[in-house]
Amino acid sequence: MNTNFTIATNFDDDLLGYIANLGITEIYGGLTTKVIGTSRPNACLPYVNYESAESHIRLTKKYNLSFNLLLNSACWGNIEFTPKGQNAIREIIDFACQVGVEKITTANPVICKWIKMQYPDFII
């Protein structure tokens, strides 16, 4: 039987080699945004902007790790139904496409369906 392990990232690039040597195949994490949460409070997470996330996600490829972007806040405040919210969500997902994210995790069924329709290459 083949077992795959997934672990959260703290966006510390120095840990990627160590993680890969443990047999971990995937890491997951989210951006520090005001638009979409990751199910953990931003106060408990390191600040991660687009630039630092891009660098970290691209580096995961050198260690044969896949990256799963968390968009799994339990409550989105209905932003997914507004043009402004949809544009903000699209910006994050477009970013994920550009930097090589393979998977997205979301707790929102509306977003799940929307991502599957708009971005069929992602594993949800």
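A nonpolar core is a set of buried Ala, Val, Leu, Ile, Met, Phe, Trp, Tyr and Cys residues that are joined through side-chain atoms within 4.5 Å. In this predicted model, the largest such core holds 27 residues, of which Leu69, Leu71, Ile93, Val101, Ile115 and Phe122 touch the most other members. The elements α1, β2, α2, β3, α3 and α4 (109–118) each give two or more residues to this core. Helix α3 gives the most, with 6 residues. In soluble globular proteins, nonpolar side chains tend to be buried together.

Apart from its neighbours within four places in sequence, leucine 69 is in contact with Gly29, Gly30, Leu31, Ile92, Ala96, Val101, Lys103, Ile104 and Thr105.

The strands can now be taken in turn. Strand β1 (5–8) runs parallel to strand β2 (residues 24–29), and 4 bridges join the two. Alanine 8 has tyrosine 28 of β2 as its bridge partner. Together with α1, these two strands make a right-handed β-α-β unit. Strand β2 is in turn joined to β3 by 4 bridges, again in parallel. Here tyrosine 28 has asparagine 68 in β3 as its bridge partner.

Strand β3 (residues 66–71) also pairs with β4 in the parallel sense, over 4 bridges. Leucine 70 has threonine 105 in β4 as its bridge partner. Between β3 and β4 the chain passes through helix α3 (residues 83–99), and this β-α-β crossover is right-handed.

Phenylalanine 11 lies in the loop between β1 and α1 (16–21). Its phi is near 65°, a positive value in a residue other than glycine. Is phenylalanine 11 buried or exposed? Phenylalanine 11 counts as buried because its relative accessibility is 17%, and the cut-off for buried is under 20%.

Asparagine 64 lies in the loop between α2 (50–62) and β3. Asparagine 64 likewise is not a glycine, yet has a positive phi of about 55°. The relative accessible area of asparagine 64 is 69%, so this residue is exposed; the term applies over 50%. Thus phenylalanine 11 is buried, whereas asparagine 64 is exposed.

Note on methods: Residues are numbered from 1 along each chain as its sequence is written. This is a predicted model: local features need pLDDT of at least 70, side-chain atom pairs count only at pLDDT 80 or more; totals for chains, interfaces and linings use all residues. Side-chain values use heavy atoms; hydrogens and water are left out. Two strands pair if DSSP finds at least two bridges between them. A crossover is right-handed if, with the strands pointing away from the viewer, the path from the first strand over the helix to the second runs clockwise. Buried means under 20% relative accessible area, exposed over 50%, partly exposed in between (1.4 Å probe, protein chains only). Contact means heavy atoms within 4.5 Å.
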